[in-house]
Amino acid sequence: MKQNQTATPRELASAARIAARQLNAVSTSKRTSILYAIADGIESNTAAILDANREDIDASKGKISDALLQRLILKPQKLAQLAAGIRAIAEQDEPIGKLLSRMELADGLVLDKVTSPIGVLLIIFEARPDALPQIAALAIRSGNGLLLKGGKEAVRSNAVLHGIIVECVKKEAGIEGLIGLVESRDDIDKLLGLHDTIDLVIPRGSNALVSYIQENTKIPVLG
């Protein structure tokens, strides 16, 4: 299933928030089953992913640095490692509802510090398409909604990977809108204004990118 290309940034963010609440209502085993399905989906769709990646590579040659081009390239071994990594995330201990500390404030009044999802995350990253399913797997495992903005160099690779993940979330848990893919750079500034809907921004890139994000949003930024 392709995401609605006409959705506005606010609609994508709102959908991710609603879907995150739905995800938190399902069992741990259901969340892990989503991750196993994503890993299987990456393996079974290796040819389609590599075809899209080759198109990205061909379109980027001569336009980006060699270092950036190398980060863009996907190979069968890398996809196999990616699937294995997602399964490893699925097999980790349950991250939600973990008791970190307990303090008795008064007789009969106990304060527990317990882990919980953050909410909706906005992740901005460069031409490394393998980062997309890694980030998505961590968000699903921890019960968070997610908005992703990858580099334009990997637009085709990211679209195929995103489609696989969206299908798996829908098939395994009946949830839609959990992970939105932002394709237009113009939408970033609109997303940065959604401090009432997005809870954390994580830019993965240059110092200039991190500084720009920090200076143009009220949303907490993990630089």
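1. Start with Asn53, which touches Leu72, Ile73, Leu74, Pro129 and Ser157, once residues up to four places away in sequence are set aside. Asn53 sits in helix α3, which covers residues 46-60. Is Asn53 buried or exposed? With a relative accessible area of 1%, Asn53 is buried, since the cut-off for buried is under 20%. Please bear in mind throughout that you are looking at a predicted model.

2. Now step back to the chain as a whole. You can trace nine helices and six strands in the protein chain. Its radius of gyration is 18 Å, close to the 17 Å that the globule rule gives for 223 residues, so the chain is as compact as a globular protein of that length. Along the principal axes, the C-alpha atoms fill a box of roughly 70 × 40 × 30 Å.

3. Some overall figures on packing and surface go with that view. Among the 223 residues of the protein chain, 45% count as buried. If you take the contacts with a separation of 6 or more, 73% of them come from residues 24 or more positions apart. The accessible surface is about 11500 Å² in total, and carbon and sulfur atoms hold 51% of that surface.

4. Next, have a look at the largest pocket, which holds about 490 Å³ of space. It is lined by 17 residues, and the closest to its centre are Ile124, Lys149, Arg185, Ile188 and Leu209. Which elements each supply at least two residues of this lining? They are β3 (120-125), α8 (186-192) and α9 (207-215). The largest share, three residues, comes from α9. By type, the lining divides into eight nonpolar, two polar and seven charged residues.

5. Lys149, one of the residues closest to the centre of that pocket, deserves a visit of its own. You will find Lys149 in strand β4, residues 145-149. Its relative accessibility is 8%, so Lys149 counts as buried. Beyond four places in sequence, Lys149 touches Ile123, Ile124, Phe125, Val182, Glu183, Ser184, Arg185 and Ile188. Take Ile188 from that list: Lys149 and Ile188 are 39 residues apart along the chain, and their C-alpha atoms are separated by 7.9 Å.

6. For another part of the chain, go to the loop between α5 (76-90) and β1 (99-106), where Glu91 is found. Glu91 has a relative accessible area of 55%, which means that it is exposed, as the cut-off for exposed is over 50%. How far apart are the C-alpha atoms of Glu91 and Ala59, which are 32 residues apart along the chain? The separation between Glu91 and Ala59 is 38 Å.

7. Glu94 also lies in the loop between α5 and β1. At 23% relative accessibility, Glu94 counts as partly exposed. Its contacts, leaving aside neighbours within four places in sequence, are Thr28, Arg31 and Arg141. Glu94 and Gly62 are 32 residues apart in sequence, and 45 Å lies between their C-alpha atoms.

8. Asn53 is buried at 1% and Lys149 is buried at 8%, whereas Glu94 is partly exposed at 23% and Glu91 is exposed at 55%.

Terms used
Residues are numbered from 1 along each chain as its sequence is written. This is a predicted model: local features need pLDDT of at least 70, side-chain atom pairs count only at pLDDT 80 or more; totals for chains, interfaces and linings use all residues. Side-chain values use heavy atoms; hydrogens and water are left out. On a 1 Å grid over the protein atoms alone, a cavity is a set of points where a 1.4 Å probe fits but cannot get out, and a pocket is an open set with protein on both sides within 12 Å along at least five of seven lines; lining residues have an atom within 4 Å of a point. Grid points are joined across faces, edges and corners, and a volume is the space filled by probe spheres set on the points. Helices (H or I, at least four residues) and strands (E, at least two) are DSSP runs, numbered from the N terminus. Ala, Val, Leu, Ile, Met, Phe, Trp, Tyr, Cys and Pro count as nonpolar, Asp, Glu, Lys and Arg as charged, and the others, Gly among them, as polar. The radius of gyration is taken over C-alpha atoms; the globule rule is 2.2 Å times the number of residues to the power 0.38. Buried means under 20% relative accessible area, exposed over 50%, partly exposed in between (1.4 Å probe, protein chains only). Contact means heavy atoms within 4.5 Å. Accessible areas come from the Shrake-Rupley method with a 1.4 Å probe; for residues, only the protein chains shown count as cover.
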